[in-house]
Amino acid sequence: NVVQVIDPKRANNGGIILARLRMSYDDMAAAVDAMDESAMSANQARGVIEYMPTLEERRSLREYMKPPGGKGGTTTSVERFERLCECEKFMVAMMTVKQSKRKIRALLFKLQFRGCIHDLAHDIFSIDKACDELISSVRLRKLFGIVLNIGNRLNTAGPGQKKKSGGFTIKSLLKLDQARAFDNKTTFLHYMVLVVQRNSEHLLDFKDDLPSVSKADKIYWDQCVGELEEVETQLENVRKLALHEAKASKVMYSLPRKKATEEEEDRDSDDLSVESMSLEDEVALLRSTKIGMFALGAIRKVSQLRERADLARDKFEKLLEYFGESRDSSMQPHELFEVINTFCRNFDAARADVERTDKAKKRGEKKEVKKNDSTPNNNKSTPSKAANKPSPSAPRHTPPLPRASSHQPNMSSVLSALSTTPKLRQSAGSPGVGKLGKITSRYPDDESSLSESRAPNAPIQPKPSRLVSPHQRSVGASSPQAHINTSISREK
């Protein structure tokens, strides 16, 4: 016969959660009382907290567990306890531990403290480092100077004497990819990338100076500060609980305390106020307990983290002033870092567009040059059919045969020398062409005259009396006057 004192649904859910602990209720109560973090994990402790008895449940369970009045009551407390469900048995066990709620919360804080401090320190250090990178980046500063210079030129229509702007808001960086040229394709960022490529190409990789900024835009400063304040509040409760436990163990009460009433026990709210004492006495008191030693180490770590958080906040205010923003600005660190990261992504996209356009242009130029170079080669290598047909008047390209006339003086040289010699006179009766014809007939220059005097397929053998040496041929070609004068005198 199971008796349910609390809500059935809550009792059923609590029984499922508590069954996963695989511990007896007495062991659970001892682990909570000693705040032993080795007894359970953080998830288990979090589940146990949800089913700690409330004030109404304490009263109902205490009323049920009272021994029955009268002579007929034979049931004992053990029998009544066995009739309870599993969740109610757990609640009865927790009612035997003083400050059970505070102790289970302190136990959960001990289990979560290391991971929480690590995460908070990582976020605070990331924001601190991101502020240092933005302030110390020379390439980013020069790039922003180029943005301001180009913006002033566009706004004032050239480098005139008009009033120029001395700066720009950090959020205006998000609008640079929206300002377009007349072609509706080239943006402000495209033009800025071209300017940087021509003048200061090393500024294109300014993003390498900001490795921490790309991660800091997902860190919310208000959330970090809130979590740090929550850690400080819970740590203060642990410190008070540690001092209370230390005093209880050493019986260091200034005045005798009254025994706690049932109502005070039900509320689980014994006074944890600590009497004023010196710092040395408090440290000595905390060192006397295990939970006190944990509180001392936690206080030191949290104090260092608070100092680091204040330093990061000061650096961010200086960063706002560095970018021309007011310190009273409501801009949060993640908002500023998000603007910088968006500008970096837009700049990289514009740079990729410019490089893609340059590559396409170079490929087009190479194709054009290759086309121009291949056009004459194609004409030579693949001539037309009309060009392949031999012309009737065109000579055949056959290797020349040896000719006897090649060993005679060149008649063109003879004619040119004859026309320029003043001693040469033509007779009045017959033109000089006939005489020259007789002269030239003595030195046949065509192959037909030679072919008549030789047998077919016989090699050509020049006459010894008509042959001249190369030296004489060169002399005759250069000065043929002796041969001409001899021939003319014989004719006369």
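Let me begin with S212, which is buried, at a relative accessible area of 14%. Buried here means under 20% relative accessible area, exposed means over 50%, and partly exposed lies in between, with a 1.4 Å probe and protein chains only. S212 sits in the loop between α9 and α10. Helices are DSSP runs of H or I with at least four residues, and strands are runs of E with at least two, numbered from the N terminus. Leaving aside residues up to four places away in sequence, S212 touches S126, K129, A130 and E133, where contact means heavy atoms within 4.5 Å.

A word on the origin of these values. This is a predicted model, in which local features need pLDDT of at least 70 and side-chain atom pairs count only at pLDDT 80 or more, while totals for chains, interfaces and linings use all residues. Residues are numbered from 1 along each chain as its sequence is written, and side-chain values use heavy atoms, with hydrogens and water left out.

I turn now to charged pairs. Side chains of opposite charge can pair when their charged atoms come close. A salt bridge is defined as a side-chain nitrogen of Lys or Arg within 4 Å of a carboxyl oxygen of Asp or Glu. How many salt bridges does a search of the whole structure find? The search finds 22.

One of them joins the side chains of R351 and D205, at 3.0 Å from N to O. This pair links distant parts of the chain, 146 residues apart: R351 belongs to helix α15 (residues 333-381), and D205 to the loop between α9 (188-199) and α10 (213-216). R351 is partly exposed at 21% relative accessible area, and D205 is also partly exposed, at 32%.

Next, R239 and E282 form a salt bridge whose closest N and O atoms are 2.4 Å apart. Because R239 lies in helix α11 (residues 221-250) and E282 in helix α13 (residues 279-286), the pair ties together parts that are 43 residues apart in sequence. Are these residues buried or exposed? R239 counts as buried at 15% relative accessibility, and E282 is buried at 17%.

A further salt bridge stays within one helix. E317 pairs with R313, with 3.8 Å between the closest N and O atoms. Both residues lie in helix α14 (residues 290-322), four residues apart, or about one turn of the helix. E317 is partly exposed at 21%, as is R313 at 27%.

Finally, which residues are linked in a network of salt bridges? They are D128, D132, R308 and K315.
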